[in-house]
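Have the structure open while you read.

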Amino acid sequence: MQFEFLLEQVVNGLVLGGYYLLIALGLSLIFSVGGIVNLAHGAFYALGAYVCVELTKRLGFGASVVMSPFAVALLGILFERFILRRFYAADPILSLLVTFGLAMVAEQAIRMIWGAAPVSTEIPQNFRGSVIVGDFLFSRYRLLILAVVAAILLAIWLLLQKTSFGRVVRAGIQRPDMVAALGIRLQPYMTAIVMLGVGMAALGGAFFAPITTVHPAMGADIMTVAFVVVVIGGLGSFWGVVIAALLVGVVRGVAIHFEPAAGEASIYILMFLVLLVRPRGLLGERIEKFE
């Protein structure tokens, strides 16, 4: 029974890692292409959760979990056009301060619109209960989340590796000066990356709304873990962030199995150990600044 429970915690840790991946991967992509440390990223995660809760009352959960990321991604266009675009060539500390202020504004705006009290929605009827595999018991809804994260990860990898859009983005990350010399403007690609990044964060909020507490400060709460994942994985590394997110989720899940109070501390200990050996993170690279 001890081994079975531990295995269940590992699977739950993978689900938690997938949850972190949706937020951290978008954060890493925005930094890689634009050189922007987006401290407002958690606000889009919170908005995704709240919009999903609101739409679920009218459309049901299935339609809401699809529409809320699209709605937040459209908001990301305005975010990139009127805020981020001003700071691509500026000192990174300026964008950090502006996005931090925007995160505070977004949190207070959520309080004004939805109130300070936590809200919630229910797991869809079709995905309630558990799946029994031999002696193991797994939540249907958590397995759904794991499958969705895997599909999204595959889609993003194919987008970046197998399309002309992805080739320009990868070239812009490594050699933005050469891309500019070829007459290709990176700003439209940056808009698409921001839409993709904030849309994934909103999707994370929407999917986890039924199994977590939806409250105004949830964006600030998730940002700390998201930064830990990006730092462990290495700035600018796609697979580094993927490995780090799953590793952080599993380590936290296993740590909770042995000592419930150690779950939060375990991820920071992991970050310390990784940076002690690999200061750039697991697969970190040098990234030239976006111009």
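Let's start with Thr191, which has its place in helix α8. Keep in mind that this is a predicted model.

**Thr191 and its surroundings**
- Thr191 counts as buried because its relative accessible area is 12%, and the cut-off for buried is under 20%.
- Beyond its neighbours within four places in sequence, Thr191 is in contact with Ile77, Glu80 and Arg85.
- With Arg85, the Thr191 side chain makes a side-chain polar contact at 3.3 Å.

- Glu80 sits in helix α3, which covers residues 61-82.
- Its relative accessible area is 0%, so Glu80 is buried too.
- The side chains of Glu80 and Thr191 make a polar contact at 2.7 Å.
- Leaving out neighbours within four places in sequence, Glu80 touches Arg85, Tyr88, Gln187, Met190, Thr191 and Val194.
- Arg85 turns up in the contacts of Glu80 and also in those of Thr191.

**Helix α2 against helix α8**
- Helix α2 spans residues 41-59 and helix α8 spans residues 187-208; their axes come within 7 Å and cross at roughly 50 degrees.
- That angle is why α2 is called oblique to α8.
- The crossing of α2 past α8 is right-handed.
- On the α2 side, the contact uses His41, Phe44, Tyr45, Gly48, Ala49 and Cys52. They meet Gly197, Val198, Ala201, Ala202, Gly204, Gly205 and Ala206 of α8.
- Sorted by class, the residues in this α2 and α8 contact are 8 nonpolar, 5 polar and no charged.

**Helix α2 against helix α4**
- What angle do α2 and helix α4 pack at? It's about 15 degrees, with the axes 10 Å apart, and α4 runs over residues 92-114.
- So α2 is roughly parallel to α4, since angles under 35 degrees fall in that class.
- Here α2 passes α4 in a left-handed crossing.
- Ala43, Ala46, Leu47, Tyr50 and Glu54 from α2 meet Ala106, Ile110 and Trp114 from α4.

Terms used. Residues are numbered from 1 along each chain as its sequence is written. This is a predicted model: local features need pLDDT of at least 70, side-chain atom pairs count only at pLDDT 80 or more; totals for chains, interfaces and linings use all residues. Side-chain values use heavy atoms; hydrogens and water are left out. Axes are lines fitted to C-alpha atoms, for helices over the stretch in contact, and angles run from 0 to 180 degrees between N-to-C directions. Helices (H or I, at least four residues) and strands (E, at least two) are DSSP runs, numbered from the N terminus. Angles under 35 degrees count as roughly parallel, over 145 as roughly antiparallel, 65 to 115 as roughly perpendicular and the rest as oblique. A crossing is left-handed if the near helix is turned anticlockwise from the far one by less than a right angle, and right-handed if clockwise. Contact means heavy atoms within 4.5 Å. Ala, Val, Leu, Ile, Met, Phe, Trp, Tyr, Cys and Pro count as nonpolar, Asp, Glu, Lys and Arg as charged, and the others, Gly among them, as polar. Buried means under 20% relative accessible area, exposed over 50%, partly exposed in between (1.4 Å probe, protein chains only). A polar contact is a pair of N or O atoms within 3.5 Å; within protein, one must be able to donate a hydrogen and the other to accept it, and residues adjacent in sequence count only if both atoms are side-chain atoms.
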